[in-house]
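Hi,

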Amino acid sequence: MSNSEWNDAEANKLPETVKSLEANGEIPKDTKRKRVVVVGLGMVGIAFIEKLMKYDVKRREYDVIVIGEEAHLAYNRVGLTSFFQHRQVENLYLNPKEWYSSMPEGSLNYHLNTIVTEIVQDEKVVKTSAGDTVPYDILVLATGSDALLPRHTPGHDAKGVFVYRTIEDLQKLIEYSATRRGTTGAVVGGGLLGLEAAKAMMDLEDFGQVKLIERNRWVLSRQLDGDAGGMVVEQVQALGLDVLLSKRVGKILTDEDNSVSGVVFEDGEKMDCSCVCFAIGIKARDELARKAGIKCADRGGGIVVKPDLCTSVPDIYAIGECASWENQTFGLIAPGVEMADVLAFNLTQAKAHVPRKFKRPDLSTKLKLLGVEVASFGDFFADRDGPKQLPVRVAKKEGVTESRTSIKKLTDGPAPPPVKALTYKDPFQQIYKKYLFTMDGKYLLGGMMIGDTKDYVKLVPMVKNQKPLEIPPSELIIGASKGDDDGDDLDDDTQICSCHNVSKGDVVKSVKDGTCKSIGDVKSCTKAGTGCGGCMPLVQTIFNKTMTSMGQEVKNHLCPHFEYSRADLFNIIYVKKLQEFQDVMKECGKDPTSTGCEACKPTIGSIVSSLFNKHLLDESRRGLQDTNDRFLANIQRNGTFSVIPRVAGGEITPEKLIIIGTVAKKYGLYTKITGGQRIDMFGAKKQDLISIWTELVEGGMESGHAYAKSLRTVKSCVGTTWCRFGIGDSVGMAVRLEERYKSIRGPHKFKGGVSGCVRECAEAQNKDFGLIATEKGFNIFVGGNGGAKPRHSELLAKDVAPDDIIPILDRYLSFYIRTADKLQRTARWIENLPGGIKYLQEVILEDKLGICADLEQQMVDLVGSYFCEWTEVIKNPARRALFSQFANTSDNIVDTIEPTVERGQARPSYWPQDSVKEDFRGTKWTELAWQPIVLAAEFKDTPTGDSKAVKRGDTQLAVFKVRGTYYCTQQMCPHKRAFVLSDGLIGDDREKNKLWVSCPYHKRNYELGGADAGKCGNDDEVNIATFPVEEREDGWVYVKLPPVEELDGVLGTEKWRIKKSETDDPYVELDKKLKTVEMKGRKSTKASHLESGKGQEGAAAAILAGGERGAGGLDW
C-alpha cells in the first residue's frame, strides 16, 4: 500500500490495519526509531499522534510518548456540553482505550495525570511531576490554553466561581450546582464559549435562572456584527436565557462562607447569584516553553513558531492553541488540526515531497448554540476593519485608486473599506445574512448567517478559491432557501467538516474504495461529524448518494440477526401473517435457529402486537418483551413497579379517585400526578401487582399502558366543558381519541393533546399528534415531542371538521406504524420522510400512494381487537403465576434499597454513584456441591428462552433455559446493584458461540456460558458469578453452589442492599437557606392553614372512621 493510498484511511481504522500488516509481516521490526515526546493529550495532541501513526505505520521511524496533564484520554472538547446529559467521560473519548494499545508494539505509550515541569534542552529530556525523566529526539508542545480568570476582580477565588474548559471544570460545576438548586447562575462572557457555558448551566436544570453577562452591546462580537448579534440575543432570550449587555463585573460578592452571593457591576448595579462561570477567553499555555528559554510572543503570549511549526530551539515544535504564528494564536480546533497534519506530514513524508507550510487558516465557523444556527466565514469583518486580503486583480486595481487619492485621504480622512455588503434580515423567521463582496460584486470576501446556514459549505470555498462569481451576488441569497443541501453541486475539494478538515472527496473516496460501508464507518475513517457534529446531515446525504451511485443499498438493518429494517420486517410479517417469533426468524433471520437479541426481540414483539394484538404474556411472546411489557408495569430503581390506570383525557370521577386512594393506602404506594394528567402509584412489588390490579379492575379501571411503546395519553384542557374562552370541546375529543387508540403499539410511544382554543393549555403542539380548536373545527398538528430532542409539531391539516378527525389520524398512525424505524418517535420519522411534512400531507390527505383505505382498515381492525391486558391476566391462572418473586419459594425479599421518607411518602434512597467492581466471576469458593434448586417444570422450552429467579438463603440467583440448556448466574447486576437479571432479554451470536442476558435497567450484557461466562460485553468494570447447572431425572434443576453462609457472604441480598447513608441529600444546603428565609405561607406538608384544621392525616382518619362525610367509614 502506497503512502498516498494510506493517507485516505483514517486513524480509527488503524487497529485493523496494524493487525493485518503484522499478520503479513509488513511492519518493519528492526528500524532505527526516533522518540517523539508529545506534551499534551488534547484534541490537537491526539490529532498529531493519529496522523503521525497513520503516516508512519509502514515506516516505523518513530516511537511516540504522550504526556497528558488530565486524568482522561483525549476527549472531544468541542462537544463538552453534551457531558451534562450523559455524565460519562468515555462518551467524549476521541478514541477508546483499546485504540492506544492496538498500535504496533512500542510505538505509542501514554502517561495521564502527569505534568511536564521542565524541558532540559542540552540533554534533550523533559522532567515530570511524577519524578520521571523522559528523553526525546523530537519534542512536540501541544499544551493548549487556559481559560482566563480575572484575578484582579475581588472575589474571583470564592466558592462558586468557575471557568468552562475541562471535564474537571464541568464536574465541579455539576457538583456545586446541585447544592444551589433554584438559585441564579451567571455566565460572564457572550462569546462562543460563553453561550456554550450558558446552555450547559440551563441543561443542568438546577438553577432557577441563568443570566449571561456580556460587556459589549451584543453577543458573539468576534463573529457577528451588531444586527446579527442582536438577533441571536433575541433568540436565546426566547429560550429562557436572560442576557445582560454592556455590563462589566467589578466585584464578586460573597457570604460568610466565602461562597458567591452576587456580583456588583462597574456601574454600581448589583445582581444576586450563587454561581459565576467565566468564559471570557483563553490564554496560551507557554509557561513551560518560557521557562526553558524558548522564544514566546510578548504580546498575547504563545510559543513563536515558523511556517514549519518549529520553535526557536532545534527539534522542538509547537502546535495548537499554545502556538503563536505571525503573532496570532488560534482558539478554534480546525487550525490546530491543520498544524498537526502539517507537522506529521513533514516528519514522515518530506523526504519525498516538498515540506508543507502552515498558512493563514480559515477561521470560518458554523455552530448551533442554544438551538440557534450561527455561521461566519471568510473575512467576515471586512466591512468594519477593511479586507485582510483582496483577490490579486482587485488588489492591483484598489492600489492604483488609493495612490491617486492619497492627497484627498489626508484632508477627508480614511476612505471607507473597498467592500460592499449585501444584507438580508427576516425578523419573523429570525434569519439574518450578510455577504461581503468586492466593490464590483465579482468576488465574495466573507459573511455571516443566523438561522439559515445551509449555504455555508458552498460559500466557504468561493471565498477560499477567489474565483470570480458567475452569478449576480443577489442570487446567493435569493436562491439560498431550497431545502436540505444534497451536496450535488459541491466540488470534491470542498470542506464539509471544518473541525477535522474533511472534504467531500474524502467521504466519497472512503465509500467508493470499500473502506466505509456505513455512516458509522465514515465517521471513524474520516472523522467527519466527530467534532461539533454540525456537518452530519450533509455527510449522511453524501454517503447515501455515493452508495446509491454505486448501486449499493444504504443498510438500515434491525440488528445482526436480520438483514432487514423494521419497516421491511413489518411488511414481511404483515403479508405472510407471521405471528410467532420462530416463524419470523425462520423466514427472515440470518440463522433460523437463533434466539435473537435485546434489539430484535422487542421490535418483533411490537410488530406482532401492532398487527394482531395478541396478549404479550402468552408463552410464545413473553420472551420477546422488555421488563416493562413482561410485567405490564414500569420497573423502578428498587425493582418495584409503578401502576398507572388509564384516565382518558385526564377526566376522572371522585369514585375512581377514592379507588386509587384506597389501593395506594393499602399497598403503601407513593403517588404522583404525571405530566399526562394521570395518577402514578410507585413502589408496587411484583407479587402484589395481581392484587392491586384486581382491585382497580373491579372498580371499573383498566390498564393505562404506561409501560408500553404505545399510546400513553391524550392530554386536554377543559375547553367548552368549563372554560369561558373555549371554542371546542377538547375534553370530549381527547376522551374519544384516547379510547380509540388505547393499547395500540407502535415503533415508539406516542402521545396526543387537544386544546380548546389557541391559548393551548394542553400543549398540543409538542405531541405526536395534537388538535387545537378553531372556529371551523380543529387544526391537526403532528410530529412534535419533548424529551431529549424537543421538536415543535407541524401543521398537517387546517380547520378539520370533528367528523373528519378520526380518518386522518387513523391514516397517520397506521402509516407511522408501518414505515418508521425501530424506536423512532414521530418527530424523527417525519424528518426522515422524503419531503417531510409535505410528503406526509400528500400521502395522508391526498392519497398519493392509494393506500388510505387500507390504512384506515388496518386501524379499524386493531381498534376492534382491543382488550385490557391486566383483565386478561387476572382471569388466567397461568399468567397470574408469572408474578411470583421466586420460582422455588413463596418467601419474598423486599426493599433491596432502603426507603427514604419524604413529604409523608416513602421512596427508594438514591443510587450510589459507583458500580460494584468486585470480581464476582473470579470468586474462589472453598467448595461446591450440587443442590436441587427449582423444579424443571417451571421452565418452558420456547425459542426465545425462559428464565426464573430463585432464592437460596439470602442470595438471589437467576436460572435460564435456552435451547434445552440451563445456565445459572447471580441475580444482581453490579452496575446499579439491581436484582433483576432473570427479567432480562436473552441474546445470542451463533457464529461466535456467544449467549448473553441483557440487564433490563441499562442493558449491560453478561455472557451466560463458555470461557467468558460472567463477563460483561459492554462494560469492563463489572462482571457476575456463574454456576454449573443441570437438569436431572428426578425433575429438578440442580446448581453447583458453595455453602449457604459463604454464598450469602459474597452475594447475599442484605450485603448489597443500598443504604440511605451511602449518598448525600442534595438539598441540605438549599433547605438551610429556605429555613433561613422562612418563606411566607410555607407550612408542613401535613399541616393545615386553619388553626383548628386536622391536617391531612387527621382529616383522612376522621373520614375513614366515619367521623366526617361518612357514617360507617371505609374498610381498608
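Let's start with K199, which is partly exposed at 24% relative accessible area (buried means under 20%, exposed over 50%, partly exposed in between, with a 1.4 Å probe and protein chains only). Its salt-bridge partner is D203, at 2.7 Å from N to O (a salt bridge being a side-chain nitrogen of Lys or Arg within 4 Å of a carboxyl oxygen of Asp or Glu). D203 is partly exposed too, at 25%. Both residues sit in helix α7 (residues 192-204), 4 residues apart, or about one turn of the helix; helices (H or I, at least four residues) and strands (E, at least two) are DSSP runs numbered from the N terminus.

Some housekeeping: this is a predicted model, so local features need pLDDT of at least 70 and side-chain atom pairs count only at pLDDT 80 or more, while totals for chains, interfaces and linings use all residues. Residues are numbered from 1 along each chain as its sequence is written, and side-chain values use heavy atoms, leaving out hydrogens and water.

The structure has 61 salt bridges. Another one pairs K124 with D315 at 2.8 Å, N to O. That pair links distant parts of the chain, 191 residues apart: K124 is in the loop between β4 (116-120) and β5 (125-128), and D315 in the loop between β18 (303-305) and β19 (316-318). K742 and E739 also meet, at 2.6 Å; K742 is buried at 9%, whereas E739 is partly exposed at 35%.

Finally, 16 of the 17 residues of α10 are buried, so that helix is largely enclosed by the rest of the structure.

Cheers
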